[in-house]
Amino acid sequence: MSAASPLAALFAREWRIGRRAGGTGSMGVVFFLILVSIIPFAIGPDLVLLARIGPALLWIAALLATLLGLDRLFQGDDDDGSLDLLLMSETPLESIVLVKCVVHWLLTGVPLVIATPVFAVMLGLAPQAILGVTISLLAGTPALTFIGAIGAALTVGFGRGGLLLAILILPLCVPVLIFGVSAAQAAAGGTVPFMTPFAILVALSLAAFAAAPFAVALALRQARL
Amino acid sequence: MWNIANPTNFLKLTSWLVPVSAVLTALLLGIGLYLSFIAPPDYQQGETVKIMYLHVPAAWMSMFIYGVMCLAALGTLVWRHPLADAAQKSAAPLGAGFTFICLATGSLWGKPMWGTWWVWDARLTSVLVLFLIYLGLVALWQAIEDPGRAARAAAVLTLVGAVNIPIIKFSVDWWNTLHQSASVFRLGGPAISPSLLWPLLIMAVAFTFLFLTLHLMAIRNEIYRRRLRRLSILAASARETDLSGVMMEPVR
């Protein structure tokens, strides 16, 4: 376990920092709740309409809530200098990035997924649709975190990185959004079988899991040259 | 080849290449526009088919420029060449411009043909996302002050985008088959006849030369901008060392 122990220590460190006051996990869920509850004010309290567009609303809210926490992914480490230590360590930067992203997803993505059924009930979704949107978010949010990590690495060290991060990352999130919403709507009943978009969504997440750490590590190294 | 990569040699070469390419562009655009004006109107679309002569070459260029940017991004990351940085930086706004021409002319063509300015058709949507990626790259260039760092960050984003563009294209196509579209995208008539095809090909070559001219000019400007930046930094640091010593006469 000698090779894994630095990563285990990193995991524990990230977990503690993320759980601490000011961590983005709980704030992301609150932001998610506010987004979901503000939409009926704009659209009107029409439960039939809300149930129809509910899966899409939940996906967009989850996308924005994920983005909100991402600019802190490397920023805190950059502020206190620990990013330089991580860059100089013998452990490959790619695996460090992988651990950081996994912890970030566990602390921000998973709470969103857990909160989704509650918010889905508020939007008047049928049980089948609630299940579909929850499962599709569980499968799709890792892709959002990993794609977003590329933007976080590119904008590390900027004062106003958050807005730029959104501009860089949102166009790249289009495929995840399309297949996530398709899977959620297919679960609620439709002409397309659930597994077709869902399998592609899982594939997108797995591809992002495999490829994004390399792009993130490249971006972090380039920022230090 | 590597001689051209030297910025000074590049400036020397382009000092005559830019005018030559500009004249070629003007000639080709003149011929192309004349041919597209005298080209027969389409039997279904009438004269509106002539929008195609701007629309289709612009669409081709929007993708071609992304390819050029990917090559330049490789040059930045692999060889760390400043000329590749300049090529990357000056291609991004041009790419956004050609993509915008493609979207705008497409919209103007769509109004008489489909009865609407915009449809969330697979093709339109994926070009729109490409436009957004270009704008993101321009924003990234503007956000980072250090040109070397900006170039490397933009190179990473360009290559990530290169992986993503086929995925976006494919996903949007898939999305479109779920929601049926209002109209079918078709190119004037069942098969394009030579009388329509020739002006189109000439316009495509003209647009390529237009891009080449503008790109070379923008790279020249970027090289001069970097030299100016370097010189002003040197001047500022020289002044600083003067001030750190005994009171010196502020010369220069």
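**View 1. B:Arg80 counts as partly exposed, with 13 C-beta neighbours inside 10 Å.** For burial, C-beta atoms are placed from the backbone, and a residue is buried if 20 or more other C-beta atoms lie within 10 Å of its own, exposed if 12 or fewer, and partly exposed in between. This is a predicted model, where local features need pLDDT of at least 70 and side-chain atom pairs count only at pLDDT 80 or more, while totals for chains, interfaces and linings use all residues. To find your way around, residues are numbered from 1 along each chain as its sequence is written, while chains are lettered from A and ligands numbered from 1 in the order in which they are written. B:Arg80 sits in the loop between helix H2 (52–79) and helix H3 (82–114) of chain B. Helices here are DSSP runs of H or I with at least four residues, strands are runs of E with at least two, and both are numbered from the N terminus. Most residues other than glycine have a negative phi. B:Arg80 is not a glycine, yet its phi is positive, at about 55°.

**View 2. Here H2(B) and H3(B) cross at roughly 160°.** Their axes come within 8 Å; such axes are lines fitted to C-alpha atoms, for helices over the stretch in contact, and angles run from 0 to 180 degrees between N-to-C directions. Why do H2(B) and H3(B) count as roughly antiparallel? Because angles over 145 degrees get that label, with under 35 roughly parallel, 65 to 115 roughly perpendicular and the rest oblique, H2(B) and H3(B) at roughly 160° are roughly antiparallel to each other. The residues of the contact of H2(B) with H3(B) split into 20 nonpolar, nine polar and one charged. Nonpolar covers Ala, Val, Leu, Ile, Met, Phe, Trp, Tyr, Cys and Pro, charged covers Asp, Glu, Lys and Arg, and the others, Gly among them, are polar.

**View 3. This one shows where chain A meets chain B: 20 residues of chain A are in contact with 21 residues of chain B.** Contact means C-beta atoms, placed from the backbone, within 7 Å. On the side of chain A that touches chain B, helices H7 (127–154), H8 (161–169), H9 (174–187) and H10 (195–224) each give two or more residues. That side has 18 nonpolar, two polar and no charged residues.

**View 4. A:Leu144 lies in helix H7 of chain A.** With 30 C-beta neighbours inside 10 Å, A:Leu144 counts as buried. Leaving aside its neighbours within four places in sequence, A:Leu144 is in contact with A:Leu63, A:Thr66, A:Cys173 and A:Val176.

Key. Two residues are in contact if their C-beta atoms, placed from the backbone, lie within 7 Å.
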